[in-house]
Amino acid sequence: MKINEHYLELKANYLFSDIARKVMEYREKTGKDVIKMGIGDVTLPLAGEVITAMHSAVDDMSKKETFRGYGDEQGYGFLQNAIKDYYSGFGVKLEADEIFISDGAKSDLGNILDLFSSDNTVLIPDPVYPVYVDTNIMDGRKTVFLAADEENGFLPLPDEDVHGDIIYICSPNNPTGAAYSREQLKLWVDYALKNNAVILFDSAYEAFISDPSLPRSVFEIEGAEKCAIEFCSFSKTAGFTGTRCGYTVVPHALKCGDTELNRLWLRRQTTKFNGVCYIVQRGAAAVFTEEGQKQISENIGYYKENAAIITSALDELGITYFGGKNSPYIWLKCPNGMDSWTFFDYLLENIQVVGTPGSGFGANGTGFFRLTSFSTHENTAEAMRRLKALMKK
Ligand SMILES: *Cc1c(COP(=O)(O)O)cnc(C)c1O
């Protein structure tokens with residue numbers, strides 16, 4: 001046999017294991033507990049509407065008349081239609097068969113690359129969600145990094161001199177919390193159309209957008225249906241990180257020559273995927289009911305209050321940061337010129353607060369630090385009280 005040698009080119013991602021090890025060692029040494037503000041996982045339980053729908057779906061499975069076996073690989077119509085209606089709420093018209101239900105955005109972000117030759121140049125922002133980089137290394141694709149930095153507000157824009165065929169955009173961004181405006185996204189859409197490129201748009205955090213002038217979907221931008229695929233997930237929107245459900249939108253208008261990418265993706269999914277659990281899809285559909293939306297926005301509101309607690313502490317301390325308003329992430333510039341890991345140790349040792357060193361997300365993350373708003377109010381407020389006391393000393 002011969003293995004895919006590209007797997008040997010992958011760098012081990014030690015970021016979260018390094019953090020866990022440091023925290024464990026610190027606890028053993030001092031016996032002190034820590035407040036975790038680092039992990040990008042939600043903490044609130046599923047909404048009541050979701051639970052009720054899932055219970056009733058379990059009952060469906062228990063009766064001969066309502067039992068479901070294999071469903072359509074691309075998802076049940078009731079969920080596709082609920083998503084279609086949700087998109088029409090921000091002015092985006094989709095066909096149900098442009099929406100593919102998946103077990104989460106991460107799988108689809110990786111799987112979509114089946115559709116593209118390894119002979120493509122990929123543009124990836126730095127710092128970045130590591131999945132985009134690693135899945136392209138696995139296929140041996142050439143990648144070019146787009147510098148996201150303080151100067152461009154962590155929102156890189158197209159450079160006419162740099163050609164790319166596949167472009168990753170995550171907005172609102174993980175890890176930086178920065179979100180593209182309509183005008184900025186339009187520049188990327190125009191670039192993609194001109195370069196015959198495809199935008200892979202990760203909208204996992206769209207539900208965190210507060211500013212009504214910001215786009216919730218790339219398809220709000222004129223022309224995007226001809227050059228973009230959108231990946232979204234119930235993970236952060238509705239706390240489905242452990243329940244697993246997402247969706248990918250591949251418009252019929254998106255073509256390479258005469259070939260619709262929708263048709264290729266359908267072929268890929270029907271061959272390699274057998275759909276998402278019926279019970280989970282019922283739970284996901286409940287997110288879009290009136291009561292479901294109300295409950296979901298209460299949960300998101302809870303996290304947003306945490307973000308406000310963090311950003312008001314940073315404002316008070318005069319620490320530069322990005323994100324927080326339209327995102328669960330706060331991306332701060334380490335004070336006093338500390339590098340990311342020095343600041344990590346400084347917070348751990350002095351105030352027992354754990355965040356994520358920005359350098360773990362790419363070279364341009366050096367000197368930055370990510371805090372998340374996915375903790376409890378009590379822990380967030382306590383962490384910020386300690387930070388203020390420490391930095392004002
Ligand atoms: C959490 C996250 C996702 C969602 O992944 P799932 O597989 O749906 O849980 C997608 N993209 C980014 C950038 C994320 O941070």
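This is a predicted model: local features need pLDDT of at least 70, side-chain atom pairs count only at pLDDT 80 or more; totals for chains, interfaces and linings use all residues.

Q: OK, so what's the strand order in the open sheet of 7 strands?
A: The order is 2-8-7-6-5-3-4, and the pairing is mixed.

Q: Which strands stand at the edges there?
A: Strand 2 (99-102) and strand 4 (142-147). Each has a single partner strand, so one side of each is left without a neighbour in the sheet.

Q: How are neighbouring strands of this sheet turned against each other, on average?
A: By 20°, with direction ignored.

Q: And which helix packs on the sheet?
A: Helix 8 (residues 261-272) does, touching strand 2, strand 7 and strand 8 (246-249). The direction of helix 8 makes about 25° with that of strand 2.

Q: Strand 6 and strand 7: parallel or antiparallel?
A: Parallel. Strand 6 (residues 198-202) and strand 7 (residues 228-233) are joined by 4 bridges. For one of the residues involved, Ile199, the bridge partner in strand 7 is Ala228.

Q: What about the open sheet of 4 strands, what's its order?
A: That one goes 11-12-15-14, with antiparallel pairing. Strand 11 (321-323) and strand 14 (356-357) are at the edges with a single partner strand each, so one side of each has no neighbour in the sheet.

Q: How many bridges between strand 11 and strand 12?
A: There are 3, in the antiparallel sense. Phe322 has Trp331 in strand 12 as its bridge partner.

Q: Switching to helices. At what angle do helix 2 and helix 9 pack?
A: About 150°, with the axes of helix 2 (residues 48-62) and helix 9 (residues 278-286) 8 Å apart. The crossing is right-handed.

Q: Which residues meet in that contact?
A: From helix 2 they are Glu49, Val50, Ala53, Met54, Ala57, Val58, Asp60 and Met61, and from helix 9 Tyr278, Ile279, Arg282, Gly283 and Ala286. By class, the contact has 9 nonpolar, 1 polar and 3 charged residues.

Q: How many cavities of 30 Å³ or more?
A: The search finds 3 in the whole structure. The largest cavity holds about 90 Å³ of space, and Pro125, Phe154, Pro156, Asn173 and Tyr180 are the closest to its centre among 14 lining residues.

Q: How does that lining divide by class?
A: The largest cavity has 12 nonpolar and 2 polar residues in its lining, and no charged ones.

Q: What about the second largest cavity, which elements give two or more residues to its lining?
A: Helix 7 and helix 10 (290-317). The volume of the second largest cavity is about 50 Å³, and the residues lining this cavity include Lys236, Asn299 and Tyr303.

Note on methods:
Residues are numbered from 1 along each chain as its sequence is written. Side-chain values use heavy atoms; hydrogens and water are left out. Axes are lines fitted to C-alpha atoms, for helices over the stretch in contact, and angles run from 0 to 180 degrees between N-to-C directions. A crossing is left-handed if the near helix is turned anticlockwise from the far one by less than a right angle, and right-handed if clockwise. Contact means heavy atoms within 4.5 Å. Ala, Val, Leu, Ile, Met, Phe, Trp, Tyr, Cys and Pro count as nonpolar, Asp, Glu, Lys and Arg as charged, and the others, Gly among them, as polar. Two strands pair if DSSP finds at least two bridges between them. On a 1 Å grid over the protein atoms alone, a cavity is a set of points where a 1.4 Å probe fits but cannot get out, and a pocket is an open set with protein on both sides within 12 Å along at least five of seven lines; lining residues have an atom within 4 Å of a point. Grid points are joined across faces, edges and corners, and a volume is the space filled by probe spheres set on the points.
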